[in-house]
Amino acid sequence: MIGQTVSHFEILERLGQGGMGVVYKARDLKLDRLVALKFLPMHLGAEEAARQRFTREARTASALDHTNVCTVYEIGEAEDGRTFIAMAFCDGETLSARIGRGPLPVEEAVNIASQVARGLAEAHGHGIVHRDIKPGNVAITSDGSVKILDFGIATLAGATRLTNDKDSTSGTVNYMAPEQVRGDSVDQRTDLWSLGVMIFEMVVGRPPFKGEHAQAVIFSILNDDPGAIVRKSGMPREIEPVVERALSKDPSRRYRNAGEMLTALSAVGEGESPTMSMRVPSGAEDRDRPAGRRFRTRPSAVLVMAAVGAIGLLSAWALWRFRLKSSGSKAGSASVSVAVLPFRYRGSDQYRYLGEGMVNLLSAKLDHAGELRTIDPRAVMGLAARESALDPAQGRSIAERLHADRFVLGNIVEIGGKLQMDAALYSSDGGPDPSVAANATGDVTKAFDLVDQLAIGLLADAGRE
């Protein structure tokens, strides 16, 4: 087909072929831009209902405007009856090619997974479930950006993934959630299972569920304990809880949405690199700098770095002041344990994950500040996750069960993209009033900075206790 014209696209180069079709590099003659043309196999469009549903979802996906989703420009039909999709051309490689060179460092894997989670959050917010998240459907561009490919195509494929043994063994079945292989209904948590499998493979170098044939892989997905697989894999301990929860066989035990999983990934990266800090999955903040180029500065970047530096100085000052006020205690005295409980959230559902996300984020900020030691967020969520809104009495009960000396309660209110955050530190054996309170207000895209401000406020006055 090289040199041929399909519709208004000139075929330039064949890029590859998979179970979902042949991909060509082409030029859009109308707009003079490079595109990737994917021609779907004829059998995928045999059922009219599946074709119509695919077309509907693909057109919805074409409306997605997100840095981590490959833009769909057009859906058409060639003269031979094959359906084609014209997508943005990504100059780079697939994640499967990157994994093929060996396991990724945790920092790089978390960076890629976080970008995929942002793209999924955007798509899920529009009611689109991918259903086929795997390394072959994730592109890493030459500038380090991550793009999710092929939204809607898995719908058209339907059950053919299980009947084509060769294609299934080559990849897709390895990333299918238990509900998919059983033929049950799927939702956004199905994509999060697949993302968990992908993180495992990035870090360990192989998928968690193995088998020589598709049926063996399916048996492993349905019967093997993901937790045991994760713990025996040699995976670095800091990423284990994220993968283990994503691979829960029961969807209700996984992350509820991509934003919640992004928060967990951000907490993993918090201790490793500033580039792993939490980003809210929408708006201009999604266009963060790619890995490998994070030290190139522009005038705007200089201002950002200056702001970050100021926050760092304030944090250092608050910590110094806390330690100074605590210096009167005896050397070697017992540490003060603090449980950060889920914040009450009011606002649009898009940012609801922030309520539970504060358990990880604020705990990381307060841990080892002076004599403070925070309770493991997993233990906190195990007791507090089912509570819709905690009052001081409920918080004190949970803190006592966690054997925490102090506990933090808070509120987040979102109105029109603006956040108001309030946090209060209580004594587990004290009265109903907090001993320390702090607040922060700002744009939702600066949520991580607001967490810094809350930590600064709590630490600056904690010495009064």
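Modeller: Welcome! Two strands pair if DSSP finds at least two bridges between them. Keep that in mind as we look at this predicted model.

Colleague: Thanks! Which residue is the bridge partner of Phe 39 in β6?

Modeller: Phe 84 is the partner of Phe 39 there. Strand β6 covers residues 83–88 and runs antiparallel to β4, with five bridges joining the two.

Colleague: How many bridges link β3 and β4?

Modeller: Seven, again in the antiparallel sense, with β3 spanning residues 21–28. As an example of facing residues, Val 23 stands opposite Lys 38 in β4. The two strands form a hairpin with four residues between them, and Asp 32 in that turn has a positive phi of about 50 degrees.

Colleague: Is β4 mostly covered or mostly open?

Modeller: A residue is called buried when its relative accessible area is under 20%. Five of the seven residues of β4 (residues 33–39) are buried, so the strand is mostly covered by that cut-off.

Colleague: Now a helix, please. What span should α8 have, and what does the model show?

Modeller: The expected span is 1.5 Å times one less than the number of residues. Helix α8 (residues 188–204) has 17 residues and should therefore span 24 Å; its end C-alpha atoms are 25 Å apart, which agrees.

Colleague: How many residues of α8 are buried?

Modeller: 15 of its 17, so the helix is largely enclosed by the rest of the structure. Gly 205 follows α8 and has a positive phi, near 100 degrees.

Colleague: And what about the protein chain as a whole?

Modeller: The chain has 17 helices and 15 strands, and 52% of its 465 residues count as buried.

Methods. Residues are numbered from 1 along each chain as its sequence is written. This is a predicted model: local features need pLDDT of at least 70, side-chain atom pairs count only at pLDDT 80 or more; totals for chains, interfaces and linings use all residues. Side-chain values use heavy atoms; hydrogens and water are left out. Buried means under 20% relative accessible area, exposed over 50%, partly exposed in between (1.4 Å probe, protein chains only).
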